[in-house]
Amino acid sequence: MADRFDCDNCKESLYGRKYIQSDDSPYCIPCYDSLFSNTCDECKELIGHDARELFYEDRHYHEHCFRCFRCDRSLADEPFTSQDDALLCNDCYCNEFSSKCVACDKIVMPGTRKLEYAGSTWHEGCFICHSCEQPIGSKSFIPDKDEHYCVPCYEDKFAPRCTRCKKTLAKGGVTYRDEPWHKECFVCTSCKTQLAGQHFTSRDDSPYCLKCFGSLYAKKCEACSKPITGFGGGKYISFEDRQWHQPCFTCSQCSVSLVGAGFFPDGERILCRDCHSNL
């Protein structure tokens, strides 16, 4: 009597039938599919032994069931993305979830270089300076309303220019007569000393340090011959066409202060009452 050759599961004879060997045990085709085949995540039917099976993560699919959730395109040989367990082809994913470039209105594809600012997105090559139209890339830029400028173009177009050297003031500076100056350009007309942060005055709209102004234009004290500027709260006495520093306004003979007191001119001299009485 011939040896039996039966399916390991249903025990039916396999003589003259197709079978599949698994773990040294033979199975008829129906038993093998029911015991070992995976269930398609899409149609919920078994994926037979002779069907092409595709899988993603822990999910299995018939080849014809592995399709885009939106457009139904086959994903068997296409790149795809999973979004909330739904499979999407790249086109559908980009149309639904990717940003659009505000410059060219085209999709910014995943993985491409892009720039984001104030809630908007650009392709790297589309984010350009409004003035020179060169890509800004990773360089610094300055927004102005809905436009963007590279720093050199912004400074050239909008930044104030120094009254003296005519170059742009990127930051800081000094304002004199409602005009902008670089600190290093705002200097005394005579000695060229920087005046930023210093007391100064002007003559004919030109700035001077106090020392130069006193030396060039101020009247001289009759007593000490030094300039009388009146700056810094300094008081002075004026009589006819002559001036004195207040501390210098003293009797020419006894040196008593004449500030607030009566005095008598005597040629080039000024005298107190007592010295005048003794003449």
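How many aromatic pairs does the structure hold? There are 23 of them, where rings of Phe, Tyr and Trp (its six-membered ring) pair if their centres lie within 6.5 Å. This is a predicted model, in which local features need pLDDT of at least 70, side-chain atom pairs count only at pLDDT 80 or more, and totals for chains, interfaces and linings use all residues. Residues are numbered from 1 along each chain as its sequence is written, and side-chain values use heavy atoms, with hydrogens and water left out.

**Y56 and F80**
- The ring centres of Y56 and F80 are 5.2 Å apart with planes at 80°, so this pair is edge-to-face (planes over 60 degrees apart; under 30 is stacked and the rest tilted).
- Distant parts of the chain are linked by this pair, as Y56 sits in strand β3 (residues 53–56) and F80 in strand β5 (residues 80–83), 24 residues apart; strands are DSSP runs of E, at least two residues, numbered from the N terminus.
- Y56 is partly exposed at 22% relative accessibility, and F80 is partly exposed at 27% (buried is under 20% relative accessible area, exposed over 50%, partly exposed in between, with a 1.4 Å probe and protein chains only).

**Y149 and Y154**
- Y149 and Y154 also make an edge-to-face pair, at 6.2 Å centre to centre and 65° between the planes.
- Y149 is buried at 2% relative accessibility, whereas Y154 is partly exposed at 22%.

Note on methods: Helices (H or I, at least four residues) and strands (E, at least two) are DSSP runs, numbered from the N terminus.
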